[in-house]
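Thanks for making time. I will go through the one model on the screen, and you can follow along in the sequence as I talk.

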Amino acid sequence: MPDATGLELIAQDLREADAESVLETIYFRDHGTLLVDADGAREVLARLRERGFSFLASLHGVDYYPEEPRLGVLYELLDMQRVDRLTVKARVHSEAPSIASVVDLFPTADHQEREVYDLFGVVFEGHPDLRRILMPEDYEGHPQRRDFPIGGEPVLFTYNEHTVPRYYE
Amino acid sequence: MTTPGISEYRRQEESITLAPIEQQLSGVTDGERHELLTINFGPHHPATHGVLRLLVQLEGEVVRDLSPIIGYLHTGIEKTCEDKSYWKVIPVIERMDYLAYYFNAMAFCGAVERLVGVEVPPRAQYLRVIHLELNRIMSHLFWLGTSALDLGAMSILWYCLREREQILDLFEMSSGQRMHTRYIQVGGVFEDIPPGFAEKLRQFTAKMPQRVEQYGAILNKNEIVLKRLCNTGIVDEQTLLGLGVTGPLLRATGNPWDLRKAAPYSSYDHFDFKIPVGSIGDNYDRYRVRLAEILESTKIIDQALDGLPEGPYITTDRKIALPPRHELATSMEALIHHFKLVTEGFRVPPGEIYYPIESPRGELGCFVRSDGSAKPARVHMRDPSFVNLQALRPMVLDGYIADLIATLAMLDPIIGGVDR
């Protein structure tokens, strides 16, 4: 893990390339996180990839409801040579949330970006095939958001199937 | 020209030619390529090991394109977790990757322990290692049995399930459950191992190397296995790294990346074990790597049992772990703690943690975000099956559909982990 100083050095290098890119550094429980501007997230990831963080271990979404910018996209980077881990976090607004796709940098992001799109509604610009992945294609809403209710789905039985519109389709 | 000395039937057979049929068939193709046939492979197909649906484009018997369609087993576990207190999340999250339940619990508990900052006693860490490695053997045995079944070997399944039964018996001894045991708790494990467990475990680990040898004797040089697995499904190391593939699939290409060695957790640095690697990364290497891992896991279990430290099996922090049952009758504080833990659960300081461990299929990472309440604000599992499944397309492209079955078996995806 990069220590607190190492994290600041990485942030400093990134800020030299683009002053607006890194908004905040968070060091929590021996783990460094860079909070980056959503527009520059792709650039930051490309630079970190050059620095050795070439393995994208995980990409996932978080809903910070009711804070704004509400949605977060987290990239868990791994440097296999130095066994370093670093989290890059980008926050996007809940109205028309979108962020640049990193599929061309990290091919592993393909399914994971689709999952974040499916469950949180973040649109990844430039993704080759942005469709729902876990939920059915005609599903409405993004179920992993905090304001999406649990148990909002009616259960179909024979006695109540006529009450559900288009049940026969 | 009739060859002398052959029967009338063979003479007739020799006279048959397929030329007119081939001519007829070539009329319907576009000349260069044969007509592509799109078929649905799954979601209900015994060789997909669950409800995985593959949309396959075939040209004759050759796979020209493939896209996995998943989500048939999506049960919204991550969403359910947000509605449960931390200790009640464990049984839910265990059901994601249903062959590696100890690993799911370990990843989640590890993340919560790091958020809370609680120290896990050494005995609990060793007990965790014993059960994690037993689970790894169990998962690999089930993989071996079902994969061999896909290749047409029936008997090996029964041998593998015979050993798996013994592991499940051990799980039943230590936790009362055979599957989804809820053994690993935040701060330690649910209970100390009962009397007789160690002896039974020793018997098992003493026998296991012979068993692995026997599996090897059946399969290693079996002509069908060699023909179906050697030089099929090869993908180079860099492509796999780009696709985020970890675990035995990556190690089969010769990259010895294993989190138990690279970033040890739960006292894995106390044990002496090797990381089996392959050479070219074909299906046969994947098979041999997993088979060798069973042996290494047996070694770890033996060492953990030898060096099992004395002491508590769960943290003594009463704010996290339930007090011992006998204290409830005598201590008011124990009763209060018990009541608070069972009703509300414990609160976790706000923060975000990503905690990765090495599951039988690769890096299993658990992301937990806490907002300071007794329920997690977000739980995400980076499941290796979900990520590794993306490597299926480069593995099987331009190969035969028979190799697709073998490659899917060697990929070892668990659909419960893919869909969550």
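Two residues are in contact here if their C-beta atoms, placed from the backbone, lie within 7 Å. The model is a predicted one: local features need pLDDT of at least 70, side-chain atom pairs count only at pLDDT 80 or more, and totals for chains, interfaces and linings use all residues. Residues are numbered from 1 along each chain as its sequence is written, while chains are lettered from A and ligands numbered from 1 in the order in which they are written.

With that contact rule, take A:His127. Leaving aside neighbours within four places in sequence, A:His127 is in contact with A:Ser101, A:Val103 and A:Glu113. A:His127 sits in the segment after β7 (123–125) of chain A. Helices (H or I, at least four residues) and strands (E, at least two) are DSSP runs, numbered from the N terminus. The cut-offs are 20 or more other C-beta atoms within 10 Å for buried, 12 or fewer for exposed, and partly exposed in between, with C-beta atoms placed from the backbone.

Five strands form an open sheet in the order β1-β2-β5-β4-β3, with mixed pairing; two strands pair if DSSP finds at least two bridges between them. At the edges are β1 (22–28) and β3 of chain A, each pairing on one side only. From one strand to the next the twist averages 20°. Axes are lines fitted to C-alpha atoms, for helices over the stretch in contact, and angles run from 0 to 180 degrees between N-to-C directions.

Helix α2 (residues 41–50) of chain A lies across β2 (31–36), β4 and β5 of chain A, at about 170° to β5(A). α3(A) packs on the sheet and touches β3 and β4 of chain A, its direction making about 5° with that of β3(A).

Next, β4 (residues 71–79) of chain A. Eight of its nine residues are buried. β4(A) pairs with β3(A) in the antiparallel sense over eight bridges, and A:Val73 in β4(A) is the bridge partner of A:Gly61. With β5 (residues 84–92) of chain A, β4(A) pairs antiparallel over nine bridges; A:Leu77 stands opposite A:Leu86 in β5(A). β4(A) and β5(A) form a hairpin with four residues between them, and A:Val83 in the turn has a positive phi of about 50°.

On to the interface. How many residues does the contact take from each chain? There are 24 from chain A and 30 from chain B. On the side of chain A that touches chain B, β3 (55–63) and α3 (109–120) of chain A each supply at least two residues. The largest share, seven residues, comes from β3(A).

Last, chain B, which has 18 helices and eight strands. Its C-alpha trace spans about 100 × 45 × 35 Å along its principal axes. Buried residues make up 48% of its 420 residues. That is the end of my tour.
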